[in-house]
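Student: I have a model open and would like to understand the words used to describe it. Could we go through them together?

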Amino acid sequence: MKENELLQRITILPEVCHGKPTIGGLRYTVEGILDYFELINSSKEAELAYANWYYHLPNERKAQIMSDTFEFGVNTVLYNYRKAHPFCAEAEALLFYMEQNLKSHFSESTWAFVRKTMEEKAEQEWKKRFKAMKDDLDWSYTDMANIMDSDSADAVKSSVSRKLPGFAKLAIGVYESMQGKVSKSINP
């Protein structure tokens, strides 16, 4: 396109952009277009400067930057999960991270093993927290059976030893909340 053809596309209309020169009578000011191209060029310059800076870093520093970036990503995902699930087990939060970011790198059988292992770890964490609550409150299984209006302390003990039921996790959440123990790791 020739220069005079380009200049013909620049219009000045009092009712468009307060009379500033625009492209084809639209609301794209010449000044705005020039600012945009300047921004793009400065952005490219900044990217090249960063690439040059990074290229000259020692490998140890590059590795530390990568490690810090990875750790920040992991901590952000874990923080957001814990924020939504403040009483979750640590293994549950890690499993969530792994499902979101690593699952596709495993075969189905390997992923099934990883998932089962993490679920078992989460269950052990819940049982440990339940025992701590039970011991701290000096509750026996008989006391718990009475609270739940159950006929048998052995039934409560058996239920808890197999897999911690939802009501027990809820009790842990209420207890830890009253103790101010909301997820010890909700800090990124």
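Tutor: Gladly; we will take the terms one by one and set each value against its definition.

Tutor: Two notes before we start. This is a predicted model, where local features need pLDDT of at least 70, side-chain atom pairs count only at pLDDT 80 or more, and totals for chains, interfaces and linings use all residues. Residues are numbered from 1 along each chain as its sequence is written, and side-chain values use heavy atoms, with hydrogens and water left out.

Student: How many helices and strands does the chain have, and how do you know what counts as one?

Tutor: There are 8 helices and 2 strands. Helices (H or I, at least four residues) and strands (E, at least two) are DSSP runs, numbered from the N terminus. From that end, the order is α-β-β-α-α-α-α-α-α-α.

Student: What makes the chain more spread out than a compact globule?

Tutor: The radius of gyration, taken over C-alpha atoms, is set against the globule rule, 2.2 Å times the number of residues to the power 0.38. For 188 residues the rule gives 16 Å, while the chain has 31 Å, well over that value, so the chain is more spread out than a compact globule. Along the principal axes, the C-alpha atoms fill a box of roughly 95 × 50 × 35 Å.

Student: Why is Ile12 called exposed?

Tutor: Buried means under 20% relative accessible area, exposed over 50%, and partly exposed in between (1.4 Å probe, protein chains only). Ile12 has 58%, so Ile12 counts as exposed.

Student: Then why is Thr22 called buried?

Tutor: Thr22 has a relative accessible area of 1%, which is under 20%, so the word is buried. Thr22 lies in strand β2, residues 22-23. Its contacts, leaving out residues up to four places away in sequence, include Arg9, Cys17, Tyr28 and Val30.

Student: Are Cys17 and His18 buried or exposed?

Tutor: Cys17 is buried because its 16% is under 20%. His18 is exposed because its 79% is over 50%. Cys17 is placed in the loop between β1 (10-11) and β2, and His18 is in the loop between β1 and β2 too.

Student: What makes the phi values of Cys17 and His18 worth a remark?

Tutor: Most residues other than glycine have a negative phi. Cys17, not a glycine, has a positive phi of about 50 degrees. The phi of His18 is near 55 degrees, again a positive value in a residue other than glycine.

Student: Why are Ser161 and Glu99 called partly exposed?

Tutor: Ser161 has 48% relative accessibility, which falls between 20% and 50%, so Ser161 is partly exposed. Glu99, with 29%, falls in between as well, so Glu99 is partly exposed. Ser161 is found in helix α7, and Glu99 in helix α4.

Student: What are the distances from Ser161 to Lys127 and from Glu99 to Ser152?

Tutor: From C-alpha to C-alpha, Ser161 and Lys127 are 8.0 Å apart in space and 34 residues apart in sequence. Glu99 and Ser152 are 39 Å apart by C-alpha atoms and 53 residues apart in sequence. Glu99 touches Trp111 and Arg115, not counting residues up to four places away in sequence.

Student: What makes a group of residues a nonpolar core?

Tutor: A nonpolar core is a set of buried Ala, Val, Leu, Ile, Met, Phe, Trp, Tyr and Cys residues joined through side-chain atoms within 4.5 Å. The largest one here has 25 residues, and those with the most contacts inside it are Met98, Met118, Phe130, Leu164 and Ile172. Among the elements that give two or more residues to this core are α3 (59-84), α5 (108-136) and α8 (166-178). The largest share, 7 residues, comes from α5.

Student: Which residues does Ile172 touch?

Tutor: Ile172 touches Trp126, Arg129, Phe130, Met133 and Leu164, with residues up to four places away in sequence not counted.

Student: And how much of the chain counts as buried?

Tutor: Of the 188 residues, 23% count as buried.

Methods
Contact = heavy atoms within 4.5 Å.
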